[in-house]
Amino acid sequence: MRVICIFRDNQDYSRSVFEWLEAFRRQTGVELEIMDPDKNPGFCETYDIVECPTIIALGNSGEIRGFWRGRNLPLINEVSYYTDK
């Protein structure tokens with residue numbers, strides 16, 4: 001499975017996202033993939049990602065398994081369920 005955190009750096013929410021990602025790494029031992037929506041517009045269009053930050057969990061064939069968007073980031077255990085570890 002693939003779990004991606006999509007957000008823009010240098011935004012008012014960026015610090016909270018970086019802190020959440022670090023807490024996620026410390027608790028689970030997994031580093032999530034980070035994506036800039038401006039550098040990957042095709043991906044964002046395909047999965048209808050219109051709000052940042054967004055965390056998306058994709059299955060092996062690209063289907064959406066989990067989807068969280070907005071400044072209220074999900075609980076770490078909600079996302080860790082979708083990691084391979």
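Please select Thr-83, which is buried, with a relative accessible area of 12%; buried means under 20% relative accessible area, exposed over 50%, and partly exposed in between, using a 1.4 Å probe and protein chains only. A word on the ground rules: this is a predicted model, where local features need pLDDT of at least 70 and side-chain atom pairs count only at pLDDT 80 or more, while totals for chains, interfaces and linings use all residues. Residues are numbered from 1 along each chain as its sequence is written, and side-chain values use heavy atoms, with hydrogens and water left out.

**Stop 1: around Thr-83**

Thr-83 sits in the segment after H3; helices (H or I, at least four residues) and strands (E, at least two) are DSSP runs, numbered from the N terminus. Now show Ser-80: its backbone oxygen is 2.8 Å from a polar atom of the Thr-83 side chain. Which residues does Thr-83 touch, not counting residues up to four places away in sequence? Select Val-3, Phe-24, Val-30 and Leu-32 to see them; contact means heavy atoms within 4.5 Å.

**Stop 2: the cores**

Stay with Leu-32, and leave out residues up to four places away in sequence: Leu-32 touches Val-3, Trp-20, Leu-21, Phe-24, Val-79 and Thr-83. The largest nonpolar core has 18 residues, and Val-3, Trp-20, Leu-21, Phe-24, Leu-32, Ile-55 and Val-79 touch the most other members. Such a core is a set of buried Ala, Val, Leu, Ile, Met, Phe, Trp, Tyr and Cys residues joined through side-chain atoms within 4.5 Å. E1, H1, strand E3 (54-58) and H3 each give two or more residues to this core, and H1 supplies the largest share, 5 residues. Another core, of 9 residues, lies apart from it; Met-35, Phe-43, Tyr-47 and Leu-58 are among its members.

**Stop 3: the sheet**

Switch to a cartoon view and look for an open sheet of 4 strands, in the order E2-E1-E3-E4, with mixed pairing. Two strands pair if DSSP finds at least two bridges between them. Strand E2 (33-35) and E4 are the edge strands, each pairing on one side only. On average, neighbouring strands of this sheet are turned by 20 degrees against each other, direction ignored; axes are lines fitted to C-alpha atoms, and angles run from 0 to 180 degrees between N-to-C directions. Between E1 and E3 the pairing is antiparallel, over 5 bridges. Pick Val-3 again: its bridge partner in E3 is Ala-57.

**Stop 4: the aromatic rings**

There are 5 aromatic pairs in the structure. Select Phe-7 and Phe-18, an edge-to-face pair with 5.2 Å centre to centre and 85 degrees between the planes. Rings of Phe, Tyr and Trp (its six-membered ring) pair if their centres lie within 6.5 Å; planes under 30 degrees apart count as stacked, over 60 as edge-to-face and the rest as tilted. Phe-7 is in the loop between strand E1 (2-6) and helix H1 (14-28), and Phe-18 is in helix H1, 11 residues apart.

Trp-68 lies in strand E4 (residues 64-69) and Tyr-82 in the segment after helix H3 (76-80), so the pair ties together parts 14 residues apart in sequence. Trp-68 counts as buried at 18% relative accessibility, and Tyr-82 is buried at 16%.

Conventions. A polar contact is a pair of N or O atoms within 3.5 Å; within protein, one must be able to donate a hydrogen and the other to accept it, and residues adjacent in sequence count only if both atoms are side-chain atoms.
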